[in-house]
Amino acid sequence: MNDMTNPDLQNSVQNPARRDFVVKAAAAGGGLALGFNFLAMPSVVLAQGASAGAPELNAWVAIKTDDTVVIRIARSEMGQGTLTGLAQLVAEELDCDWNKVTTEHIFPGQSLARKRIWGDMSTGGSRGIRTSQDYVRRAGAAARMMLLQAAADDWKVPVGEVTVDRGTITHSISGRSTSYGKVAEAAAKLTPPDVKSIKLRDPRQWKIAGRPVKRLDTADKLDGSKIYAVDVKLPGMLCAAIKDCPVFGGKAVSFDQAKIANMPGKPVAYRVNESTVAVVADTWWRAKKALDALPIVWDEGPNAKASQATILAHLTTGLTSNDAFADINDGDVNAAISGAAKKLEAVYTAPFVAHACMEPMNATVRLTAVKAECWVATQNAEASMATLSQTSGLPLSACEVYKLDLGGGFGRRGGNQDFVRQATLIAKQLPPGTPVKMLWSREEDLGHDFYRPIAQAKLSAGLDAQGNLVGLNIRVSGQSINAFANPAAIKDGKDVRQLQGMWKEPGDAQIGYTPPNLRTEYAMRNTHVPVGAWRGVNTNQNGYFLECFMEEAARASGKDSLAFRQAVLQKNPKHLAVLNAAAQKAGWGSPLPAGRHRGIAQFMGYGSYSAAVAEVSVTGGNVKVHRMVLATNCGHAVSIEQIAAQVQGGVAMGMSALLSQSSVANGRIVETNFHTLVLPKMVHMPKVETVIAPTFDFWGGVGEPTICVVIPSILNAIHAATGKPVRSLPLTGGLRLV
Amino acid sequence: MAKLNINGKEHDVQAEADTPLLWVIREQVGLTGTKFGCGIAQCGACSVHINGNLVRSCSMPLSAVKASDKIVTIEGLSPNATHAVQKAWQEIDVPQCGYCQSGQIMAATSLLAKTPKPTNAQIDAAMTNICRCGTYQRIRAAIHKAAGNTAAAAEVMANEHTVV
C-alpha cells in the first residue's frame, strides 16, 4: 500500500498546530495523558507523558534537551512487537541513537483533536507496520532534515556540509559538533520539508531497522509494575462482574436483587442490555460472588436446542448444495477430474475456536454530563471511542480512550467493542463521575467470544497417469464472518473472504497452485454462534483443508510431497521459494531418527508467503511434535527477533486446535475454562526455527501469516507416521498431543 | 480482618474468609503484578510463593493463609528485577504481551530454588503455566540461562532465526 495518497501523511509532518499542542500538553502538567493524572501510578504517568515539554519535530517525533528521542506510537501493542518495529523505522530515518529512544502511546481523542493526524490506529490484519511504514519513515526523515538544517543555520554553513551519526551532528570542515537535543527547539520552529520529495533509505542499507534489537517494552513486564487495563484503579472506583445469557440469542427475563442485598461490598444488580446482567460492588471479587448468587431467569430463546451435531449437519449440506458460488473457475474441473486416471476426494472439518486472551475482557468507564472516559485494552482505539460516544450519547469531542497495552488480542479486541459498550451501559446507571471497572470471568470470556468460524470442506482431485495434478475442486461450507459482523462487505451474496488464501489475485492471500483445471467454491452456512477474526482468520481453516488434501494427492500420485507441490507452484515463484527455503532448512529428504516423520505445507495470507516442515513421532497414539521449521517472506523484515517470536507464537496458538475446541451443546459453548479448553503448554512446544527470507519488493504482515501452515504441516507428518490422514480437529480417534 | 505478610511487610486486610488470596493481593493490598487468568488454578497467572512454595493464589482462600506465612509476589521477588531469572528473561527478551509473565517468573524461580540445573524434562514438568502468546521456547532458554546452563540455553536458541 502506498501511503503517499494518505492525506494524514503530509498533515502529520506539517501541522501548524504542533507547537500549540506541546504547549498545551506541557501546561497541563501531565504530558500527553491528561486522564492519567487521576491514576496514582507514577509509572503510567511517566510512560504516557514522555514527551511533555519536549520540542515536537512532527506528530511522530519529539526530542528532549537530554537527547532522549520520544517516538509516538499510534498502533496498539499486544505483544506482537509493533511498538518496537515502528520505533526502529522512525529511528532508522531519523538517524538517532537507538539507546536514547523511548516511546509513548497516542490516544484517539488526541488524534481527533488534531484532525486524525496519527492516521489509522487500528491494529489487526497484520497491518501495524506494513501500512504505517511509509509515513512513519518519512516523518523520521523529515525530522532529521529539520535538525540538520537547524544546526547548519546556527553555524551559518550550508546544510550539505553537515552530517549526522546516531544523533550527533557534525560539521567536519570546521570541526564543530552538536546533538539532536541541543538543536531540537530551533528545529521545531523550521518549516517542515515536503515529505513527498524525501528519498527514503534503501532498506538493504538499514542500520537500526532490519537488525536484531531488544524490545523497548520488556522491563516492566518482569517485576509486576506494568499496568494493564485490568489493573486500573481510580478514586471512588466500583467494580462490575457480568453475565450474558449462556445461550446466544437468549434474554435475561428477570433477576432478584433482594437475594444479594445483604452480601458484602454493597452489591447492586443492573440490567446491562436485553441479554446481560451485571453486579456492581466495591471490589470485583465481591461483585462476582454476588453475581454467582443472583437468581437470574433466562429466556434461552430459539437456539437452546442447537448442538455440535445439528450445526455440523447444517454445514454438511453445503458440501453438495447448489447454492455455492465459484470464485476461481479455470478450465473444466468436472471434466478433468472425471476423466483423470486417478481420482480422490476428502472431507475435512474445522471447529469453532476461542481466542482465550490471557487478560480477560475488561473496560473501565467514567461518565459525567460533559465527559466520557474509558481505560481499555483495545486493538482499535478509535472504534473504542466511537462505541463510548454512541453508548454514552456524548459527542466524540467529549470522549477519550486511554489505551493500555493488551494482555493478548489475537483479533478479539478489534472491531467488536462489546466490552466498552457493556461498561458504558453500566456506568450510565451509576452516579455521574463514578468510575466502574467491568471485568469478565474466564467462563464469560470463553462462553461469549467471537469464535473462529466453524467450517467444512470437500476437496476433489484428478491425477493423470504420471501422477500430475490435472484438476482440483475446493468446496468450502461454513460460517461467514462478514455475514455476522459486516454484511455490507458481501457482494451479491458472494463472501470471498471465506476463501482467504485461495484467491486468484496476487499480493495478499493468493493460492499458489495453478493446476490446469481449478475451481474454488463457497457455500455459506451460518449458525447462531457469534464469529469473528481470530489470528490468521480464514487462512487457518483453508490452509489446513488445502494442504492436508495436497498431501493426500501427493501420496496418491506416488510422488514426494515436496516435489508434487513444486510442480504446481512453478507459476508463483514466491510461493515456491519460501517452500523451498523451509524444506532446505529442515533437511527435507535427509534421514531422520527412528520413529520421526516429516510433514510439509505452504500457504499465503496477509501479504506474506509462509511454509513449514514439522517433525513428529506417533507412539501408541501419543503425538509428539519435536521440531518445526517455518519460512516466511514478509517482503521487508523490520524486527528480526520479533518475527521469530511471532512465528513461535503462531506455532503455539495454531497447535491449540490439536488439543481442544469450543463446541456447542444446548445452544451454548461447552468449554468455558481451561480444564476443558485445553491450551498448549511448555511440554507441547516443539523447537521452532524461523527462516526469514525477505525479497524487499513488497510489505507483508508478520503476526498472522505463518499460523496457517502449522496445523497442516503437523497433520501431514502424522499422516506420514500413521499412513492415515487426519481430517478433523481437535485430534481424536486414539490420537492425542503430548 | 486478617493479617498477611507480603513481601516482608505486614498488611491488615478487610476481606471475607473465603476470598481467594489473589483478590486480596490485588484489591485489598493493591499489588496488581499478580494476575487473574482463570480462577480455577489452571493457567498459573496468579502464582505466588508462600513459605517458598509455589501456590496458585486464585484457588487459595484467605482463611487458609496464616499471619506467619511469608507470601512473596512478583513485586517482592527481588530489588530492581535483579533475580537471575528476571535478568535472563530480560536478556532473552522473553515476554510478548507480558500478562502471564509474572506467573511464569514465579514458577521458574520456584523450580530453580528446588532444582538448580533442571533438564528439559524437568522444565516441562514444572512449567505448566499457560502463555497464549507462545513464549515457551524463550522461557525454556531463559530458565537454562538463569541456571547457568549456557550450553542448554544455546541449544534451545540455536537457529531461532536465520535471515536468508
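Modeller: Let's settle one term before we start: a salt bridge is a side-chain nitrogen of Lys or Arg within 4 Å of a carboxyl oxygen of Asp or Glu. And keep in mind that this is a predicted model.

Colleague: Fine. Then what makes A:K221 and A:D217 a salt bridge?

Modeller: Their side chains come to 3.4 Å, N to O. The limit is 4 Å, so the pair qualifies.

Colleague: And why is A:K221 called buried?

Modeller: Buried means under 20% relative accessible area. A:K221 has 3%, so it counts as buried.

Colleague: How many salt bridges does the structure hold over all chains?

Modeller: There are 49. Another of them joins A:R412 to A:D449, with N and O 3.0 Å apart.

Colleague: What makes you say that the pair A:R412 and A:D449 ties parts together?

Modeller: Look at where the two ends sit. A:R412 is in the loop between β17 and α12 of chain A, while A:D449 is in the loop between α13 and β19 of chain A, so the bridge links parts 37 residues apart in sequence. As for cover, A:R412 is buried at 1% relative accessibility, and A:D449 is buried at 2%. Elsewhere, salt bridges with shared partners make one network of A:R596, A:R598, A:E615, A:R627 and A:E689.

Colleague: On to helix α8 of chain A, residues 284–293. Why is this helix called mostly covered?

Modeller: Seven of its 10 residues are buried. They are A:W284, A:W285, A:R286, A:A287, A:K288, A:A290 and A:L291. The cover includes β8, β11, β12 and β18 of chain A, plus α1 of chain B.

Colleague: There's a salt bridge inside that helix, A:D292 with A:K288. Which of its two ends is buried and which is partly exposed?

Modeller: A:K288 has 17%, so it falls under the 20% cut-off and counts as buried. A:D292 has 45%, which puts it between 20% and 50%, so it is partly exposed. The N to O distance is 2.8 Å, and the two residues lie four apart, about one turn of the helix.

Colleague: Which elements of chain B supply at least two residues to the side that touches chain A?

Modeller: α1, α2, α3, α4, α5, α6 and β6 of chain B. That side splits into 26 nonpolar, 21 polar and 14 charged residues.

Colleague: What makes β27 of chain A and β6 of chain B a strand pair?

Modeller: At least two bridges are needed, and three join them, running parallel. Within that pairing, A:I692 stands opposite B:V163.

Colleague: How much area do the two chains bury between them?

Modeller: About 5,500 Å², with 55% of it on carbon and sulfur atoms. The contact takes 61 residues from chain B and 70 from chain A.

Terms used. Residues are numbered from 1 along each chain as its sequence is written. Chains are lettered from A and ligands numbered from 1 in the order in which they are written. This is a predicted model: local features need pLDDT of at least 70, side-chain atom pairs count only at pLDDT 80 or more; totals for chains, interfaces and linings use all residues. Side-chain values use heavy atoms; hydrogens and water are left out. Contact means heavy atoms within 4.5 Å. Buried area is the accessible area (1.4 Å probe) that two parts lose on being put together, summed over both. Ala, Val, Leu, Ile, Met, Phe, Trp, Tyr, Cys and Pro count as nonpolar, Asp, Glu, Lys and Arg as charged, and the others, Gly among them, as polar. Buried means under 20% relative accessible area, exposed over 50%, partly exposed in between (1.4 Å probe, protein chains only).
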